Amino acid sequence: MESLVKFVQDEFVAKKEFPNFKAGDTITVYYEIKEGSKTRTQFFKGVVIQRRGAGASETFTIRKMSGTIGVERIFPINLPAIQKIELNKQGKVRRARIYYFKELTGKKARIKEVRRK
């Protein structure tokens, strides 16, 4: 049964090309918002806390600081409203899900950057 579900997801779900990103990376997600009959593009820039799932049901969580309040947003990877994802910085972390990042403040909340070639 699992192979049938995987086959259907691979064949019929339209996949977009996004850069490879993982937990610890800083990304910007541009997505469409519909307000009445109008649509506009909004962006959400923050650190990737986790990537979860596989295939069509994969999601990723982004956290940003809005003033002194932390804001998290979960995006499905196949959300039709996502226009593009920009990889701003690649971070060096040892875990796939960096929940400990939520409690850190100030200089401790920095993630070491991996230089791109």
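Author: Happy to! Strands are DSSP runs of E, at least two residues long, numbered from the N terminus, and two strands pair if DSSP finds at least two bridges between them. This is a predicted model, where local features need pLDDT of at least 70, side-chain atom pairs count only at pLDDT 80 or more, and totals for chains, interfaces and linings use all residues. Residues are numbered from 1 along each chain as its sequence is written, and side-chain values use heavy atoms, with hydrogens and water left out.

Let's start at the strand E5, residues 82-91, which is joined to E6 by 2 bridges, the two running antiparallel. Gly 91 is buried (under 20% relative accessible area, with a 1.4 Å probe and protein chains only), at a relative accessible area of 4%. Leaving aside residues up to four places away in sequence, Gly 91 touches Lys 22, Gly 24, Asp 25, Ile 111, Lys 112 and Val 114; contact means heavy atoms within 4.5 Å. Glu 17, by comparison, lies 74 residues from Gly 91 in sequence and 21 Å away in space, C-alpha to C-alpha.

Now step back to the whole sheet. It is open, with 6 strands in the order E4-E3-E2-E1-E5-E6 and antiparallel pairing. Its edge strands are E4 (69-76) and E6 (113-114), each of which pairs on one side only. In general, strands of a sheet pair through backbone hydrogen bonds, either parallel or antiparallel.

Definitions and conventions. Helices (H or I, at least four residues) and strands (E, at least two) are DSSP runs, numbered from the N terminus. Buried means under 20% relative accessible area, exposed over 50%, partly exposed in between (1.4 Å probe, protein chains only).
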